[in-house]
Amino acid sequence: MTEGHVKFVEKLKQENGGGIWLVGGGHINTLLFNADLIDEIRLFIMPIVIPGGIEIFEGLPDERHLLLKDKTAYSSGVVELIYEVNKNKNK
């Protein structure tokens, strides 16, 4: 998709089915986050430092509090963090 992301996800969330898995770049993440369309954020921390990469959020995401729901440390050194997104902006 190159445009209409917010309307597409709004329509998709109204359909029956399971969750929506978004693997996007910082721009798409910020668009959907600011439109209150992201319910959960899963972060994977990798045991390597690299000099570049893709930003989680690009531009100015709205300020939100996140609630840690779960965490898992894997034997490979990877750590998974699962956060619930508070839908109340600035709270």
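Trainee: What is the relative accessible area of R42?

Mentor: R42 has 37%, which makes R42 partly exposed. Buried means under 20% relative accessible area, exposed over 50%, and partly exposed in between, using a 1.4 Å probe and protein chains only. Before going on, note that this is a predicted model, where local features need pLDDT of at least 70, side-chain atom pairs count only at pLDDT 80 or more, and totals for chains, interfaces and linings use all residues. Residues are numbered from 1 along each chain as its sequence is written, and side-chain values use heavy atoms, with hydrogens and water left out.

Trainee: OK. Which side chain meets R42 in a salt bridge at 3.0 Å, N to O?

Mentor: The side chain of E40 does. A salt bridge is a side-chain nitrogen of Lys or Arg within 4 Å of a carboxyl oxygen of Asp or Glu. E40 is partly exposed too, at 31% relative accessibility.

Trainee: Why would such side chains pair at all?

Mentor: Side chains of opposite charge can pair when their charged atoms come close.

Trainee: What else forms a salt bridge with E40?

Mentor: K69 does, with the closest N and O atoms 2.9 Å apart. K69 is in strand β2 and E40 in strand β1, so this pair ties together parts that lie 29 residues apart in sequence. Strands are DSSP runs of E, at least two residues long, and helices are runs of H or I, at least four, both numbered from the N terminus. K69 itself is partly exposed, with 46% relative accessible area.

Trainee: How many salt bridges are there in the whole structure?

Mentor: The search finds six. One of them joins D62 and R64, whose closest N and O atoms are 3.6 Å apart. D62 is partly exposed at 26%, whereas R64 is buried at 10%. Elsewhere, shared partners join E40, R42, K69 and E80 into one network of salt bridges.

Trainee: Is E80 buried or exposed?

Mentor: Buried, with a relative accessible area of 8%. E80 belongs to strand β3. The E80 side chain makes a polar contact of 3.0 Å with the side chain of R42, and another of 2.6 Å with that of Y74. A polar contact is a pair of N or O atoms within 3.5 Å; within protein, one must be able to donate a hydrogen and the other to accept it, and residues adjacent in sequence count only if both atoms are side-chain atoms.

Trainee: Which other residues does E80 touch?

Mentor: Leaving out residues up to four places away in sequence, E80 touches several, including L43, F44, D70, K71 and T72. Contact here means heavy atoms within 4.5 Å.

Trainee: New topic. What is the overall order of helices and strands?

Mentor: The chain has two helices and three strands, in the pattern α-α-β-β-β along the sequence. Of the 91 residues, 19% are buried.

Trainee: Which residues of helix α2 are buried?

Mentor: Helix α2 covers residues 26–34, and the buried ones are G26, I28, N29, T30, L32 and F33. Their cover includes α1 (5–14), β1 (40–45) and β3 (79–85).

Trainee: Last one: where does M46 lie?

Mentor: M46 lies in the loop between β1 and β2 (66–73) and is partly exposed, with 47% relative accessible area.
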